[in-house]
Amino acid sequence: MFEWLTLSNIGSVASILGIGLSIYLIYNVREIRKSYLFTARAPALLKSLRTHSSNIKDMLKEFETSIAEIEAELARCSPVLESLRTKVGRQERKSIAEVVQLISANKTLSAGSKDAVWDIYKELLKLEEAMINLQKDKQWER
Amino acid sequence: MATESEKLIDAIVRLIKGTQEGKIPWTLEKSSNAVRYIAEYKGRWLRLYALEYDYPNLEIIDNSGTTLWTFPQVSGLNDLLSSVRYQTADVKTLLDEIIEDDELEPESQEMSHSV
């Protein structure tokens, strides 16, 4: 047992532990950075998302005559969602990616796309709710 | 599987859609401290109101107006309130009337340039 305990072996084990610790620290620093960025930017991004989804809801009143405006409003949602995506955890990233995908699939709307826009609006509200809850959780992490 | 808040949002979006499409008619109920809106949905009564500087409240009420249940605060309630206000104020008709009102037609270019 003690034969194995040479300076060289201790050095090897310490190196391996060091690599593990470094990876753990890099991961944690990244998470702290993301958390900090989310806390700083989430209020403005959520406000922007709120405005866009509310506009979409209003335009749905006159869907047939507002198709171009809705397309533009949906296009404005995408960069906001992309920005949020880089500041959240894996689970939230997945939810955001799903909404982004839904928007991408409906880039070009037609007269029959009204229900699809209602679905996007609903998913935006769900995402907004998830982000509000995440924001509340983050307040306890500080 | 949908969470409780996701189910609530689904329901609120359906109420917004029904309101905007005129399938759920809301009526005004004036009270001392807030404007309240009431609608009947499949034999049940819903009441929506917002006190000043407060989030909207959506309630299920009985025939005498007693609150049976209040919806939790979730995204979409503000949008529902704005859709209900738009419907009860009959904004669409007013806008159409203003646009079609010949008396409000701006003077023609020819007239405005004449000296």
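Modeller: What follows is a walk through the sheet of chain B, strand by strand.

The model is predicted, and in it five strands of chain B form an open sheet in the order 1-2-3-4-5, with antiparallel pairing. Strand 1 (26–30) and strand 5 (67–70) of chain B stand at the edges, and because each has a single partner strand, one side of each is left without a neighbour in the sheet. On average, and with direction ignored, neighbouring strands of this sheet are turned by 30° against each other.

Helix 2 of chain B, residues 77–88, packs on this sheet and touches strand 1, strand 2, strand 3 and strand 4 (57–61) of chain B, while its direction makes about 90° with that of strand 1 of chain B.

Turning to the pairings themselves, strand 2 (residues 35–41) and strand 3 (residues 44–49) of chain B are joined in the antiparallel sense over six bridges, and Tyr41(B) is found opposite Arg44(B) of strand 3 of chain B. Strand 3 of chain B also pairs with strand 4 of chain B, again in the antiparallel sense, over five bridges, where Leu48(B) has Leu58(B) in strand 4 of chain B as its bridge partner.

Strand 4 and strand 5 of chain B pair in the antiparallel sense over three bridges, and Ile60(B) has Trp69(B) in strand 5 of chain B as its bridge partner. The hairpin of strand 4 and strand 5 of chain B has five residues between the strands, and in this hairpin Gly65(B) takes a positive phi near 90°.

Terms used
Residues numbered from 1 in each chain as written. Chains lettered and ligands numbered in written order. Predicted model: local features only at pLDDT ≥ 70, side-chain atom pairs only at ≥ 80, totals over all residues. Pairing = 2+ DSSP bridges. Helix = DSSP H or I, 4+ residues; strand = E, 2+ residues; numbered from the N terminus. Axes fitted to C-alpha atoms, helices over the stretch in contact; angles between N-to-C directions. Contact = placed C-beta atoms within 7 Å.
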